[in-house]
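Dear colleague,

I am handing over the structure we spoke about, and my notes on it follow directly below. Please read them with the coordinates open beside you.

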Amino acid sequence: METEIKLRVDGQEREVTVDTRTTVLDALRERLGITSPKKGCDHGQCGSCTVLLDGRRATTCLALAVAHDGAEIVTAEGLGTDGELHPVQQAFVDHDALQCGYCTPGQVCSAVGVLREAAQGWPSVVTEVGAEGDIAPARLDHEEIAERMSGNLCRCGAYVNIVPAVAAAAEAEGAGR
Amino acid sequence: MKPFRYERATDAEHAVATVAAHPGAAFLGAGTNLVDHLKLGITAPDLLVDVSRLPLDEVAETADGGLRVGANVRNADLAAHPAVRARYPVLSQALLSGASGQLRNLATTGGNLLQRTRCAYFQDPSTPCNKRDPGTGCAALEGWTRYHAILGASSHCVAVHPSDMAVAMAALDAVVVTLGPDGERRIPVTDFHRLPGDAPHRDTVLRHGELITAVELPGLPWATRSRYRKVRDRASYAFALVSVAVALDLEDDGRTVREARIALGGIAHKPWRAERAEQALRGLPATEENCRTAADAETADAHPLRDNAFKIPLVRNTLAAVVRDLVPETPSGSLEGAR
Ligand SMILES: Cc1cc2nc3c(=O)[nH]c(=O)nc-3n(C[C@H](O)[C@H](O)[C@H](O)COP(=O)(O)OP(=O)(O)OC[C@H]3O[C@@H](n4cnc5c(N)ncnc54)[C@H](O)[C@@H]3O)c2cc1C
Ligand code: SF4
Ligand code: FES
Ligand code: FES
């Protein structure tokens, strides 16, 4: 059953007719030709389809497009500005944080989300909590980055460089004390 | 995937009436579980009523000093909520130990409670499964049971409930608030999920068309001393083998247990409130040895399967570890001395 929806993708208003069964990922890739979000597993398990959905990192392979009518989406393609890479993308390049590159657009979008979440003081499960529930500020050390990025799998095992790349981007933003 | 109609709900009563009147209809939250099941062919509704934009997205204070969590509060927002972090750390930690950051940003409180088992056979429509297709049998009984139940299972189903959040809520005596065709119901989380018995296709006591509108966390000042610990096959982004949620009320000596709330995950068809273990700890010093005895009281009736007898010592050790984290060391040395 076809429905027309509107999406704002990487700064552009797009209208697209989708079957109710179409996921956001398929709408982007198959209908709009935006192929930076990748289909790794199609079951929420690998993170390669991660984009920024209404400002938050989100997997798109289990999200129905009709349910996100009106959404603002930023993919890895739309992160940079005026021919300049986003600082997180630049950090990935500087740290050689990829091999085949298939997981990279999802990793980069996820890392941008991680920095935003940390800036808002969001904890992760490895964030220290005092016995009385004291809240420690979100510092992005190695352990924190590994935990917060655990939803992005890399089949090439480029993690040894991904974590330092995210750490460097966090450092540049002042979150990597 | 079978074609379906999609409706976006703008009004809770109307959404309930629509689904209640239509046997093939289902509510849709963020879809992180339901859409997966549509793809896998586990379920095939012909109408999805999307409730994810209903204005049920607030965390509000209640008169008894607790919190009312709207069904559409996202897992990530609930975990990061300052009141939850300060007053119910066990719940924040349980949420943060589930799924991934990008899934938690989507997943709703209502959908999390109603997520279905990750039993590998349930997820594979080429195998017999009483939960997916009633009456076909249970492939797990003769199969790979590392992730299956040790308590409360039946010969019809040995699956476990996968939610971390629900385990913390069970320990906190949370109440699920629903809206059905006959009005509102309030169901304690501990009575919300079912044991499989001879009807494993029914995960919960919800009726068709009944909508979760909120979860209420009762005021519990001593839940500030609470914690969630999850043991899994890899350090992150995996379902629990065993998980333990504990809240402790200690006497003034800082080590004798006045009250304990304990719930276990990964071991049963529902979040398992460990009342026997609570009973066993009450009035005793929170030592490792007492925790082990308490855990063993809880698992005394366990029926391990071929691949999961390890869960009995794992429950014992994990409970002891959580309590160790929760009880400050006394100046006279560690808890060893208190044995
Ligand atoms: C790769 C992966 C890893 C995961 N790991 C974990 C983990 O480690 N721990 C964990 O706890 N969870 C884990 N999850 C599960 C995740 O937490 C759930 O998928 C999520 O919470 C479901 O919420 P949702 O809003 O997407 O629900 P949906 O998928 O939209 O809905 C789930 C069910 O709830 C029903 N429903 C939704 N909202 C309501 C409502 N308000 N009233 C009545 N019925 C409703 C739907 O009809 C459906 O039956 C994982 C998921 C994935 C994909
Ligand atoms: S354990 Fe339950 S869910 Fe798994 S195959 Fe058996 S009946 Fe199905
Ligand atoms: S393709 Fe979406 S998580 Fe793997
Ligand atoms: S670089 Fe190849 S999958 Fe990550």
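Predicted model: local features only at pLDDT ≥ 70, side-chain atom pairs only at ≥ 80, totals over all residues.

The phi angle of A:D54 is near 50°, which is a positive value in a residue that is not glycine. Most residues other than glycine have a negative phi. A:D54 is partly exposed, since its relative accessible area is 49%, and partly exposed covers the range between the 20% limit for buried and the 50% limit for exposed.

With a relative accessibility of 37%, B:A99 counts as partly exposed.

Turning to the overall architecture, chain A contains 5 helices and 5 strands, and these follow one another along the sequence as β-β-α-β-β-β-α-α-α-α. Chain A is divided into domain 1 (2-78) and domain 2 (87-176), and the contact between them takes 17 residues from domain 1 and 16 residues from domain 2. The centres of the two domains, taken over C-alpha atoms, are separated by 23 Å.

As to overall dimensions, the C-alpha trace of chain A spans about 50 × 40 × 30 Å along its principal axes. The radius of gyration of chain A is 17 Å, which agrees with the value near 16 Å that a compact globule of 177 residues would have. Buried residues account for 53% of the 177 residues in chain A, and, among contacts between residues at least 6 apart in sequence, 56% join residues at least 24 apart.

The accessible surface of chain A comes to about 7,700 Å², and carbon and sulfur atoms contribute 48% of that area. Chain A carries 15 positive and 27 negative side chains, with the centres of the two sets 5 Å apart.

A:E117 sits in helix α3 (residues 104-119) of chain A and is buried, with a relative accessible area of 8%, which is under the 20% limit. Leaving aside residues up to four places away in sequence, A:E117 touches A:R57, A:W122 and B:N105. The C-alpha atom of A:E117 is 25 Å from that of A:A65, a residue 52 places away along the chain.

With kind regards

Note on methods:
Residues numbered from 1 in each chain as written. Chains lettered and ligands numbered in written order. Heavy atoms only, no water. Helix = DSSP H or I, 4+ residues; strand = E, 2+ residues; numbered from the N terminus. Rg over C-alpha atoms; globule rule 2.2 N^0.38 Å. Buried < 20%, exposed > 50% of the residue type's maximum accessible area, 1.4 Å probe, protein only. Contact = heavy atoms within 4.5 Å. Areas by Shrake-Rupley, 256 points an atom, 1.4 Å probe, with all protein chains shown as cover. Lys, Arg positive; Asp, Glu negative; His and termini not counted. Charge placed at Lys NZ, Arg CZ, Asp CG, Glu CD. Domains from an automatic or database assignment.
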